[in-house]
Amino acid sequence: MSDDSGSRHCKRFSYTLLKFLLFSYACIFWLIGSFILATGIYAEVERLRFKTLDGLFLAPSIILILLGIVMFIVSLIGVLGSLRDNLTLLNVFMYTLTICLILELLGGILGLAFRNKTVELVNKNIRKGIVNYYDDLDFKNIMDFVQKRFKCCGGEDFQDWKVNMYHKCPGLGPLACGVPYTCCITTKPNEVVNTLCGHSMLNKTRSDAMEVIYVRGCTYAFLHWMEDNYTKMAILLLVIFLPQFFGVIITWLYKTRVEDAIIEFEQLTEWQEVKRGRVSKWFKCMPNK
């Protein structure tokens, strides 16, 4: 008897603990998704307000909105499923997390397996962004940051800037045949750079240009940075994948406890009906069903 009561107590405790963990997990990601969605909407309103690039290429606001919508909806399903002990919602939440996790892993594996194709695709899209460099403030800020942070210029190399109407060569204007100042080599931290330091760099050979600007492309510079900082990349991957894996596991455990509770309830109901049937036979005054 004591063993049965102890087992029921442990099951009740595990049910409560798992419910709290799953509800907290879903709530945290629901709030994060709401914040990302709100930030994306605000950024998109500002982008449209200042009439920047009409296309959606690499628009951070669009990426944030899509990510926020997915996180908001999926996490809300998890919150409702944990509150209502709804097996359908719990299954949807668990399988959605599993699918997202599998897709991310497949994307990473395919990206590595077809590395050259991936690099070509990235370079092609960067060149599309460079065409509208001065029209899309979001892309301009991202490109400037990447070029300064990774000491690079363009996607494949510094010659990518020829596709921009202001930098094309031959061309007219002070920026013609040049590259943005963020491509220029700096020797001191927070050094003030001449904004025309990249003037006429596109007319020079790679060996001559590398004395003034960074000539390697940002795609390859980022790949080299990843190879040199594999520890940081491993930590980043764990930060991305572990929470999702934890969500799948905790949802599966909680779903199992809910199913056990349903089975126990059904067994208890059947036992009560059988007991009532026996008592009705003993006492004729009770209706015999």
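1. Ala, Val, Leu, Ile, Met, Phe, Trp, Tyr, Cys and Pro count as nonpolar, Asp, Glu, Lys and Arg as charged, and the others, Gly among them, as polar.

2. The model is predicted: local features need pLDDT of at least 70, side-chain atom pairs count only at pLDDT 80 or more, and totals for chains, interfaces and linings use all residues. Residues are numbered from 1 along each chain as its sequence is written, and side-chain values use heavy atoms, without hydrogens and water.

3. The lining of the largest cavity has 4 nonpolar, 5 polar and no charged residues. Among the lining residues are His167, Pro174, Thr195 and His199. On a 1 Å grid over the protein atoms alone, a cavity is a set of points where a 1.4 Å probe fits but cannot get out, and lining residues have an atom within 4 Å of a point.

4. Helices are DSSP runs (H or I, at least four residues), numbered from the N terminus. The axes of H4 (residues 115-131) and H7 (residues 218-228) come within 10 Å and cross at roughly 130°. Axes are lines fitted to C-alpha atoms, for helices over the stretch in contact, and angles run from 0 to 180 degrees between N-to-C directions.

5. H4 and H7 are therefore oblique to each other; angles under 35 degrees count as roughly parallel, over 145 as roughly antiparallel, 65 to 115 as roughly perpendicular and the rest as oblique.

6. In contact (heavy atoms within 4.5 Å), Arg115, Val119, Val122, Asn123 and Ile126 of H4 meet Thr219, Tyr220, Leu223 and Glu227 of H7. This contact has 5 nonpolar, 2 polar and 2 charged residues.

Conventions: Helices (H or I, at least four residues) and strands (E, at least two) are DSSP runs, numbered from the N terminus. On a 1 Å grid over the protein atoms alone, a cavity is a set of points where a 1.4 Å probe fits but cannot get out, and a pocket is an open set with protein on both sides within 12 Å along at least five of seven lines; lining residues have an atom within 4 Å of a point.
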